[in-house]
Amino acid sequence: MASTTFRVFRYQPDSGDLESYHQDFNLDHEEKTTVLDALLRIQNEQDGTLAVRYSCRSAICGSCACKVNGKTVLACMTQVEEAKAESGSSTLQVDPIGNFAPIKDLVVDMTPFWDKFKAVKPFLIPDGPAPDKERLVPKAAMEKVAKESACILCAACYSECNSLAADPEFVGPAAFAWGYRFAADERDSQRKNRAKLYSGQHGIWDCTRCMFCNERCPKGVDPRDAIEKLGAIAFQEKVTKDKGARHAKAFLISMRTGGKLNEQLVGGFTDPVGGAFNAPLALRMLQKGKLPASPLTHKVKNRDQVTKLIKNVKETI
Ligand code: SF4
Ligand code: SF4
């Protein structure tokens with residue numbers, strides 16, 4: 001047997017208390033007890049008003065995502081003793097997932113998440129008349145989207161997303177994983193339109209590449225990788241008007257021509273008006289040594305190595 005203190009986020013606006021707080025519950029439990037089992041025991045044995053969202057208890061439905069000692073996890077997939085060992089703390093703090101408004105205790109309002117999911121058109125849009133039976137796809141083609149198809153919409157990635165914390169309108173990692181799943185499906189006819197849809201304001205180019213979504217996804221979907229692949233699709237479809245796309249292109253040109261980052265070129269290419277002719281910015285760059293006297297000085301010795309690397313990356317994508 002083991003014993004743990006659970007410091008649980010409480011918020012009960014229905015009872016007239018609009019302030020949130022944390023409440024401690026002590027529980028004796030088995031070594032292998034999961035956080036979800038512990039929360040349900042607390043609910044059954046100590047406080048029936050504790051609100052927890054869950055369904056399958058088997059890491060399939062994605063309902064029980066929450067934060068345990070600051071990290072978003074599926075409560076049903078996380079053993080209490082392992083979480084304690086990982087955080088080096090005998091107390092487990094349980095909070096609702098981030099980037100959402102709480103409704104009651106650990107239950108949040110997921111409306112924005114579902115709205116954004118619907119907005120990426122998460123369904124096949126094939127061309128031509130429907131076949132008699134089905135549209136057959138080679139196994140290798142489906143393998144390209146296998147990882148993204150494993151998404152259970154638990155919103156763990158959304159909870160950890162830095163871009164969302166800064167911009168609540170950002171579409172978010174899960175919706176983009178679904179976007180890629182259909183943009184890369186060879187039965188879909190909307191590749192270019194999808195590239196346009198996903199490249200707009202609050203779109204793929206607003207991702208900060210913090211990688212937390214990849215790190216916290218319990219199903220190995222790697223949504224950041226999906227966003228990267230959507231960027232590649234946008235380039236292939238020549239959807240490169242967005243400032244973010246131009247920025248990525250400028251990096252590539254800079255690496256190809258000089259083998260290293262040329263901030264002068266990147267700034268000017270990304271934002272021709274605000275970047276190239278922005279005198280205060282140019283002055284600051286000069287002061288920090290980021291504005292060389294001549295663009296020719298922006299070259300590394302073994303540039304051919306960089307060129308080979310770029311070629312290899314391109315072939316792998
Ligand atoms: S991508 Fe992963 S973390 Fe995000 S919703 Fe899907 S399964 Fe959950
Ligand atoms: S890598 Fe991008 S999408 Fe993923 S969590 Fe970070 S900002 Fe959000």
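Predicted model: local features only at pLDDT ≥ 70, side-chain atom pairs only at ≥ 80, totals over all residues.
1. On the overall division, the protein is split into three parts, with domain 1 covering 2–109, domain 2 covering 111–236 and domain 3 covering 243–316. The C-alpha centres of domain 1 and domain 2 are 29 Å apart, and the contact between these two takes 17 residues from domain 1 and 17 residues from domain 2.

2. For helix H8 (residues 173–183) and helix H11 (residues 223–236), the axes come within 8 Å and cross at roughly 50 degrees. Angles from 65 to 115 degrees would count as roughly perpendicular and those under 35 as roughly parallel, and H8 and H11 are therefore oblique to each other. H8 passes H11 in a left-handed crossing.

3. Looking at the residues that make this contact, H8 contributes Pro173, Phe176, Ala177, Gly179, Tyr180 and Ala183, while H11 contributes Pro223, Ala226, Ile227, Lys229, Leu230 and Ile233. Sorted by class, the contact of H8 with H11 holds 10 nonpolar residues, 1 polar residue and 1 charged residue.

4. H8 also meets helix H9 (residues 191–199), and here the axes come within 10 Å and cross at roughly 165 degrees. Since angles over 145 degrees count as roughly antiparallel, H8 and H9 are therefore roughly antiparallel to each other. The crossing in which H8 passes H9 is left-handed.

5. The contact with H9 is made on the H8 side by Phe176, Gly179, Phe182 and Ala183, and on the H9 side by Arg191, Arg194 and Tyr198. By class, this contact of H8 with H9 has 4 nonpolar residues, 1 polar residue and 2 charged residues.

6. Turning to the ligands, 13 residues surround ligand 1, and the closest are Cys151, Cys154, Ala155, Cys157 and Cys217. The shell around ligand 1 divides into 12 nonpolar residues, no polar residues and 1 charged residue.

7. Around ligand 2 lie Cys161, Ser163, Phe170, Pro173, Cys207, Thr208, Arg209, Cys210, Met211, Cys213, Arg224 and Ile227. The shell of ligand 2 divides into 8 nonpolar, 2 polar and 2 charged residues.

Definitions and conventions: Residues numbered from 1 in each chain as written. Chains lettered and ligands numbered in written order. Heavy atoms only, no water. Axes fitted to C-alpha atoms, helices over the stretch in contact; angles between N-to-C directions. Helix = DSSP H or I, 4+ residues; strand = E, 2+ residues; numbered from the N terminus. Left-handed = near helix turned anticlockwise from the far one by under 90°. Contact = heavy atoms within 4.5 Å. Nonpolar A, V, L, I, M, F, W, Y, C, P; charged D, E, K, R; others polar. Near = heavy atom within 4 Å. Domains from an automatic or database assignment.
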